[in-house]
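I opened this structure today to look up two places in it. My notes follow in the order I took them.

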Amino acid sequence: MIVGGDVGGTKTLLGLFEPAADRLLRVVGTYSYATNAYQSVGEILGQFRRAIGAVTIDAAAIGVAGPVVGNAARLTNVTWDITASEVAGALGTRRVRVLNDLEALAHSVETLTAADLHVLHPGLPRSDGNAAVIAAGTGLGEALLHRVGSRLQPVPSEGGHADFAARTDREIELVRMLRERYGRAEVEQVLSGPGLVNLHRFTHRGGECQMLEGVADGDIPARISQAGLGGRCQQCADALRMFVSAYGAEAGNLALRAMATSGLYIGGGIAPKILPALTAGAFMDAFLAKEPLRDLLEQVPVNVILNQEAGLLGAARYAQEWAGLM
Ligand SMILES: [Zn+2]
């Protein structure tokens, strides 16, 4: 059996998979844990190990929301370290890889089916180009998929912590607010759940918002997007519009950096929840507004990944190949 994991700042998903024909994997079971409710990844893995019972685990790969160096990672938004030896001890297999979460998600891209995706822009997909993945959730992740022969090779990045590039006077004002608050303006401070809260703070300056009364901290970004989508608060709708436009612009930046003529994929937990806003036009308008390279970006297919277990599947797929379990 193969274990795939996706350790996020909010949710940790673990899945048990069985190698099937044609290098595919069959899902035996998936398990979800609230990351913040545990002290360490070992504690979650121990609970998972008891839940799956006495099965032999041949290999495991865990995607982690943070930079991975030397098969170990420190999570960016949770104060944890994750090492391969800790995972190995908890799962009882020596074949363990720790991956960046977006790198893991990128490993799923070539196996996703039409049912897993929502097409935002069909483009003209090329079979000889690169691809890229961007994912706003608890944080912002970005990964490139570099074309090597007929395969796409995922390459992790920490692009979410790169500088936020303001395009308008209003976004320059937003950068001022972020610099006052954090010292610098990272893309993630705009494009993530906490980023949406920053935009909410920005659009509600000098005004009250009734939408967040009695809402638990962790549920605030979802409440802002619901209020924005439903038009129940004009400033919440404004915050969501700014979010969608900045998301499209950053996806366009990533597509340019990667030369992603095989496809740009939008993962993460936020996109499926704000799909009506993403399809309304502002996302693609900002994505394409990269003159003089608009024509190039018109060719790039843009897809939202709807399958929230894609990261898990990608990690398991990586473990399967890495351990030679075909
Ligand atoms: Zn509001």
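Predicted model: local features only at pLDDT ≥ 70, side-chain atom pairs only at ≥ 80, totals over all residues.

Which protein atoms are its donors? I found NE2 of His-204 and the SG atoms of Cys-209, Cys-233 and Cys-236, lying 2.1 to 2.3 Å from the ion.

Next I looked up the angles. Among the four donor atoms they run from 98 to 128°, and the site is tetrahedral. For four tetrahedral donors the ideal angle is 109.5 degrees.

Then I checked the spacing in sequence. The donor residues of the zinc ion follow H-x4-C-x23-C-x2-C. His-204 sits in the loop between helix 5 (193-203) and helix 6 (220-230), and Cys-233 in the loop between helix 6 and helix 7 (234-258), so this pair ties together parts 29 residues apart in sequence. Are these two buried or exposed? Both His-204 and Cys-233 are buried.

I moved on to helix 1, residues 41-52. I tested its length. At 1.5 Å a residue, its 12 residues should span 16 Å, and the end C-alpha atoms are 16 Å apart, so the two agree.

I looked at both ends. Ser-40 caps the N-terminal end of helix 1, with a side-chain oxygen 3.3 Å from the backbone nitrogen of Gly-42. Just after the helix, Gly-53 has a positive phi of about 75°.

Last, I asked which residues of helix 1 are buried. They are Val-41, Gly-42, Ile-44, Leu-45, Gly-46, Phe-48 and Ile-52. What do they pack against? I noted strand 1 (2-7), strand 2 (11-19), strand 3 (25-34), strand 6 (81-83) and helix 2 (84-91).

Methods. Residues numbered from 1 in each chain as written. Heavy atoms only, no water. Helix = DSSP H or I, 4+ residues; strand = E, 2+ residues; numbered from the N terminus. Expected span 1.5 Å × (residues − 1). Buried < 20%, exposed > 50% of the residue type's maximum accessible area, 1.4 Å probe, protein only. Contact = heavy atoms within 4.5 Å. Polar contact = N/O pair within 3.5 Å; in protein donor to acceptor, adjacent residues only side chain to side chain. Donors = N, O, S within 2.8 Å, 3.2 Å for Na, K, Ca; no water. Tetrahedral: all angles 85-135°; square planar, octahedral: opposite > 155°, others 65-115°.
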